[in-house]
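Reader: I would like to go through the contacts in this model. Please tie each label to its cut-off.

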Amino acid sequence: MKAQITSGALLESLNQRYATKQFDSTKQISEEHEHALLESLRLAPSSFGLQPWKFIVVKNPAVRKELRAAAWNQSQVEEASHFIVFSTLKQVDSDFVKKYIASTAEIRGMSTEALKGYEDMMVNFVNSGSFEHLQWTRRQSYIAMGFLGLSASLLGIDSCMIEWLDPTAFDTILGLENGPYTSVAAVALGYRSEADGTANYVKSRFTMDEVVQVI
Ligand SMILES: Cc1cc2nc3c(=O)[nH]c(=O)nc-3n(C[C@H](O)[C@H](O)[C@H](O)COP(=O)(O)O)c2cc1C
């Protein structure tokens with residue numbers, strides 16, 4: 001595949017990205033960028049392609065205020081242009097696998113019969129006694145989170161991944177508690193405030209030799 005971006009441009013975006021602590025609440029993400037960011041979530045890979053997630057874009061200011069209180073009062077929850085809660089399935093059951101198979105068959109113009117082997121393999125996997133549903137679905141959502149953070153940085157949009165939150169309180173506020181999904185984490189997106197001094201912090205990273213081993 002032809003490269004879409006130079007290494008230099010990629011590295012520049014990676015270095016400019018930082019966990020934004022203070023957003024400029026007067027700056028909003030455009031509809032075009034919002035669409036691209038949501039596509040980065042929808043197109044993110046997941047194990048087996050099962051997509052055991054729902055991304056909740058919270059636009060209601062009153063709900064954002066409540067969520068802020070349930071996220072250790074982190075200002076990003078209210079002040080960022082966009083706030084997306086990552087929720088994942090509590091249980092991956094056979095019906096969900098069947099839904100995915102039916103959708104794949106339709107999209108690819110195949111019969112569900114042709115995908116029966118794939119379906120059985122996944123059903124056996126999720127029904128095996130050792131399968132830890134929530135641990136597995138949570139892992140998938142972090143991949144989507146990475147895709148969103150990188151996509152945002154390539155579009156010049158700032159972000160902050162947020163894991164310091166009370167998932168039980170989030171579930172109550174979002175009305176998830178009796179449904180199939182549960183809150184895992186969130187990402188605030190928008191544009192940094194000029195007052196955010198943390199934007200100037202030099203990245204604290206181990207050296208390449210410490211984190212990469214070539215054998
Ligand atoms: C999964 C995850 C959860 C995080 N949760 C929070 C959070 O709740 N609040 C926050 O201010 N930063 C949070 N961060 C940001 C990290 O602290 C930050 O990425 C790290 O210190 C490296 O700094 P940098 O992203 O600015 O390079 C989180 C990052 C990740 C990847």
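Author: First, a definition: a residue is near a molecule or strand if one of its heavy atoms lies within 4 Å of it. By that rule 14 residues surround the ligand, the closest being Ala-19, Lys-21, Gln-74, Lys-203 and Arg-205. This is a predicted model, where local features need pLDDT of at least 70, side-chain atom pairs count only at pLDDT 80 or more, and totals for chains, interfaces and linings use all residues. Residues are numbered from 1 along each chain as its sequence is written, and side-chain values use heavy atoms, with hydrogens and water left out.

Reader: What makes the pair Asp-24 and Lys-27 a salt bridge?

Author: The term requires a side-chain nitrogen of Lys or Arg within 4 Å of a carboxyl oxygen of Asp or Glu. For Asp-24 and Lys-27 the closest N and O atoms are 3.9 Å apart. That value is within the cut-off, so the pair qualifies. The whole structure holds seven salt bridges.

Reader: Why is the pair Glu-34 and Lys-59 called a salt bridge?

Author: Their closest N and O atoms are 2.8 Å apart. The pair links distant parts of the chain: Glu-34 sits in helix 2 (residues 31-42) and Lys-59 in the loop between strand 1 (53-57) and helix 3 (61-69), 25 residues apart. Helices (H or I, at least four residues) and strands (E, at least two) are DSSP runs, numbered from the N terminus.

Reader: Is Glu-34 buried or exposed, and how do you know?

Author: Buried means under 20% relative accessible area, exposed over 50%, and partly exposed in between (1.4 Å probe, protein chains only). Glu-34 has 18%, so the label is buried. Lys-59 has 53%, so that residue counts as exposed. Lys-27, at 38%, is partly exposed.

Reader: What about Arg-192 and Asp-158?

Author: Their side chains meet in a salt bridge at 2.7 Å, N to O. Arg-192 lies in the loop between strand 4 (181-190) and helix 9 (208-211), and Asp-158 in strand 3 (residues 158-162), so the pair ties together parts 34 residues apart in sequence. Asp-158 is buried at 8%. Arg-192 is partly exposed at 30%.

Reader: Which element gives the largest share of the shell around the ligand?

Author: Strand 3, with three residues.

Reader: How far is an oxygen atom of the ligand from an N or O atom in the side chain of Arg-205?

Author: The distance is 2.8 Å.

Key:
A polar contact is a pair of N or O atoms within 3.5 Å; within protein, one must be able to donate a hydrogen and the other to accept it, and residues adjacent in sequence count only if both atoms are side-chain atoms.
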